[in-house]
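Here are my notes on the model you sent over.

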Amino acid sequence: MDSVTLRGVMDDDLPLFFEWNSDEASVQMAAFTSADPSDRAVFDAHWARTRSDPRVVIATILHDGQPVGSVLTFPDFGSPEVSYWIDRAHWGKGIASRALALFLKQVDVRPMFGRAASDNVGSIRVLERNGFREIGRETNFADGRGAETEETIFVLDGHSTE
Ligand SMILES: CC(C)(COP(=O)(O)OP(=O)(O)OC[C@H]1O[C@@H](n2cnc3c(N)ncnc32)[C@H](O)[C@@H]1OP(=O)(O)O)[C@@H](O)C(=O)NCCC(=O)NCCS
């Protein structure tokens, strides 16, 4: 049985995060990214801010001991929101679903919010499998697509479903 585990982010993870976060197919899917995910300076500044923010909790996702993604929670207008990203080479193995379940055990603040482009079927499944329910939709400009894009907003109440 393959394993999915979480650990703290290490400096050596950042070149991997940059590679995955600038993958064109992934950016199209996520939609709500920076305007130019291939700009390393913008990426470095963003991650330096993120890692030094005490309100942010971040973990590196390991699959059979190897880094394959990241999961984090950050305050979005004061409410905690969760986000995750998996190396495209490892999609479809249930990694995001299992990683989010582990993360939600570590970070038990509720309500926890989540958002996904309404056509990001994989991300929506990951949220729903972890007990999130839809509470609304809104259309915003998505820098990763350069286009107005509908987002679905989710919430997880109570305690983890696992
Ligand atoms: C979305 C993402 C995190 C999914 O990761 P993953 O490890 O492949 O997800 P899982 O394997 O846990 O899949 C969860 C479910 O979604 C389905 N799924 C995953 N990718 C899918 C896709 N592209 N199209 C349709 N269904 C998909 C799986 O079949 C699974 O369904 P099931 O529960 O019925 O078996 C990954 O594709 C990714 O990192 N994308 C780019 C970044 C991104 O979009 N992040 C989320 C921002 S909101």
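1. A definition before anything else: I call a residue buried if 20 or more other C-beta atoms lie within 10 Å of its own, exposed if 12 or fewer, and partly exposed in between, with C-beta atoms placed from the backbone. By that count alanine 31 is buried, because 23 other C-beta atoms lie within 10 Å. Alanine 31 also has a positive phi of about 70 degrees although it is not a glycine. You'll find alanine 31 in the loop between α2 and α3 (40-52); helices (H or I, at least four residues) and strands (E, at least two) are DSSP runs, numbered from the N terminus.

2. Two housekeeping remarks. This is a predicted model: local features need pLDDT of at least 70, side-chain atom pairs count only at pLDDT 80 or more, and totals for chains, interfaces and linings use all residues. Residues are numbered from 1 along each chain as its sequence is written.

3. Now the sheet. It is open, has seven strands with mixed pairing, and runs in the order β1-β2-β3-β4-β5-β7-β6; two strands pair if DSSP finds at least two bridges between them. β1 (4-7) and β6 (133-142) are at the edges with a single partner strand each, so one side of each has no neighbour in the sheet. Neighbouring strands are turned by 30 degrees against each other on average, direction ignored. For such angles, axes are lines fitted to C-alpha atoms, for helices over the stretch in contact, and the values run from 0 to 180 degrees between N-to-C directions.

4. Which strand pairs would I check by eye? β2 (residues 57-63) and β3 (residues 66-76) are antiparallel, with seven bridges, and alanine 59 sits opposite valine 71 in β3. β5 and β7 also run antiparallel, joined by six bridges; there alanine 116 has threonine 152 of β7 as its bridge partner. β6 and β7 are antiparallel over nine bridges, with threonine 139 opposite glutamate 150 in β7.

5. In the loop between β2 and β3 sits aspartate 64, with a positive phi of about 50 degrees although it is not a glycine. Aspartate 64 counts as exposed, because it has 10 C-beta neighbours inside 10 Å. As background, most residues other than glycine have a negative phi, and most peptide bonds are trans.

6. What makes up the core? The largest nonpolar core has 31 residues, and among those with the most contacts inside it are Ile61, Val71, Tyr84 and Leu100. (A nonpolar core here is a set of buried Ala, Val, Leu, Ile, Met, Phe, Trp, Tyr and Cys residues joined through C-beta atoms within 7 Å.) α4 gives the largest share, six residues. Leaving aside neighbours within four places in sequence, isoleucine 61 is in contact with residues including Val4, Leu6, Val71, Ile95 and Ala99, where contact means that C-beta atoms, placed from the backbone, lie within 7 Å.

7. Then the ligand. Of the 22 residues around it, Trp91, Ala96, Ser97, Gly122 and Arg125 come nearest; a residue is near if its C-beta atom, placed from the backbone, lies within 6 Å. The shell gets at least two residues from each of α2, β4, α4 and α5, and α5 gives the largest share, six residues. By class the shell has 11 nonpolar, eight polar and three charged residues. In that tally Ala, Val, Leu, Ile, Met, Phe, Trp, Tyr, Cys and Pro count as nonpolar, Asp, Glu, Lys and Arg as charged, and the others, Gly among them, as polar.

8. Methionine 29, in helix α2, counts as buried because it has 21 C-beta neighbours inside 10 Å. Methionine 29 and glycine 144 are 115 residues apart in sequence but 8.6 Å apart in space, C-alpha to C-alpha. Aspartate 12, in the loop between β1 and α1 (14-21), is exposed, with 9 other C-beta atoms within 10 Å. From aspartate 12 to tryptophan 47 is 35 residues in sequence and 13 Å in space, C-alpha to C-alpha.

Key: Two residues are in contact if their C-beta atoms, placed from the backbone, lie within 7 Å.
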